[in-house]
Amino acid sequence: MADPTNQNQAGEVAPTTADKQVPSTDSPEATDIPTANAPDPKAANSEDSPKAAKPVAVPPKREKPAAAAKAATGEKPAADATEEKPAAAKAAKKEKAPSVEDKPFVEFIEQDYLPALQKAIAQKGVQDLQVSFAKQKMSITGFESAEECWQIIGSWSEIGKRQFNLYFPDEDIQGKKGFSCNEGKKPSTLESFLIDERRITLDLLVFGLVQRLDGQKWLGRN
């Protein structure tokens with residue numbers, strides 16, 4: 001029969017099975033679980049830590065109300081608008097409609113000058129004026145060998161057959177111009193016409209010829 005005290009031959013008590021499974025608590029064992037007294041590494045690096053340097057907040061740059069409004073609407077600053085003014089002025093100048101005097105020579109004479117001239121002479125009392133525009137030789141004594149040039153030929157039959165010629169040898173209203181007139185005879189004199197004017201306009205060209213015919217006493221009650 002076994003000894004109830006389960007003693008070995010040396011007289012020591014053998015450990016039970018429960019004693020073998022329960023570890024000894026005499027020495028502490030290191031674990032990964034943080035304790036209440038140990039500082040948390042993450043907490044040490046957080047912004048709330050008194051030792052951590054807090055970033056200094058820089059206030060955003062405030063724009064002036066006018067500048068902010070222009071930026072919101074996409075409008076350019078005043079300096080850019082000033083730089084665009086010369087370009088805008090040039091564009092507006094280019095868009096200006098050309099004057100009648102800038103038309104091609106033949107087109108100007110046929111479409112603008114002849115109708116205006118006939119109207120001005122009719123207002124002076126000449127009702128049977130006949131006007132033509134042609135490129136031909138000058139019918140003036142001594143100019144038979146001259147080249148053909150554009151001419152305005154006007155005539156009417158009041159007090160004999162009166163005729164005048166306005167010559168454009170340069171085919172340009174701003175160039176040289178000549179005048180001759182006669183009453184049933186071949187003209188012998190070629191006069192310069194509007195040579196002192198810096199720029200010829202439609203009104204000036206009409207007025208100059210009417211004034212010359214009036215000086216000839218061919219208009220009105222003359």
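Leaving aside its neighbours within four places in sequence, isoleucine 109 is in contact with Leu114, Pro115, Phe133, Ile152, Phe168 and Ile173, where contact means heavy atoms within 4.5 Å. Before I go on, please keep in mind that this is a predicted model, in which local features need pLDDT of at least 70 and side-chain atom pairs count only at pLDDT 80 or more, while totals for chains, interfaces and linings use all residues. Residues are numbered from 1 along each chain as its sequence is written, and side-chain values use heavy atoms, with hydrogens and water left out.

Let me stay with isoleucine 109 for a moment. This residue lies in helix α5, and here helices (H or I, at least four residues) and strands (E, at least two) are DSSP runs, numbered from the N terminus. Is isoleucine 109 buried or exposed? Isoleucine 109 counts as buried because its relative accessible area is 0%, and the cut-offs are under 20% for buried, over 50% for exposed, and partly exposed in between, computed with a 1.4 Å probe and protein chains only. One of its contacts is Ile152, and although isoleucine 109 and isoleucine 152 are 43 residues apart along the chain, their C-alpha atoms are separated by 8.9 Å.

Now I would like to step back to the chain. Its secondary structure comes to six helices and five strands, and, read along the sequence, the pattern is α-α-α-α-α-β-β-β-β-β-α. Of the 222 residues, 23% count as buried. If we take the contacts with a separation of 6 or more, residues 24 or more positions apart account for 45% of them. The chain exposes about 17,200 Å², of which carbon and sulfur atoms supply 53%, and these areas come from the Shrake-Rupley method with a 1.4 Å probe, where for residues only the protein chains shown count as cover.

In soluble globular proteins, nonpolar side chains tend to be buried together. The term nonpolar core is used here for a set of buried Ala, Val, Leu, Ile, Met, Phe, Trp, Tyr and Cys residues joined through side-chain atoms within 4.5 Å. Which members of the largest such core touch the most other members? Of its 31 residues, they are Ile109, Tyr113, Ile121, Phe164, Phe168, Leu209 and Leu213. The elements that give two or more residues to this core are α5, β2, β3, β4 and α6, and α5 gives the most, with eight residues.

A search of the whole structure finds six aromatic pairs, where rings of Phe, Tyr and Trp (its six-membered ring) pair if their centres lie within 6.5 Å, and planes under 30 degrees apart count as stacked, over 60 as edge-to-face and the rest as tilted. Phe105, Phe133, Trp150 and Phe168 form one aromatic cluster.

Let us turn to helix α6, residues 202–215. The buried residues of α6 are Leu202, Leu204, Leu205, Val206, Gly208, Leu209, Val210 and Leu213, and what covers them includes α5 (105–122), β2 (149–156), β3 (162–168) and β4 (178–183).

Lysine 217 counts as exposed because its relative accessible area is 55%. Glutamate 171, in the loop between β3 and β4, also has a positive phi, about 55°, although it is not a glycine. At 37% relative accessibility, glutamate 171 counts as partly exposed.

I will finish with two further residues. Serine 155 is found in strand β2 and is buried, with a relative accessible area of 13%; not counting residues up to four places away in sequence, serine 155 touches Asp128, Leu129, Gln130, Lys161, Arg162 and Gln163. Threonine 189, in the loop between β4 and β5 (191–192), is partly exposed, with a relative accessible area of 46%. With the same exclusion of residues up to four places away, threonine 189 touches Ile140, Phe179 and Ser180, and its C-alpha atom is 9.9 Å from that of phenylalanine 143, 46 residues apart in sequence.

Conventions
The expected span of a helix is 1.5 Å times one less than its number of residues.
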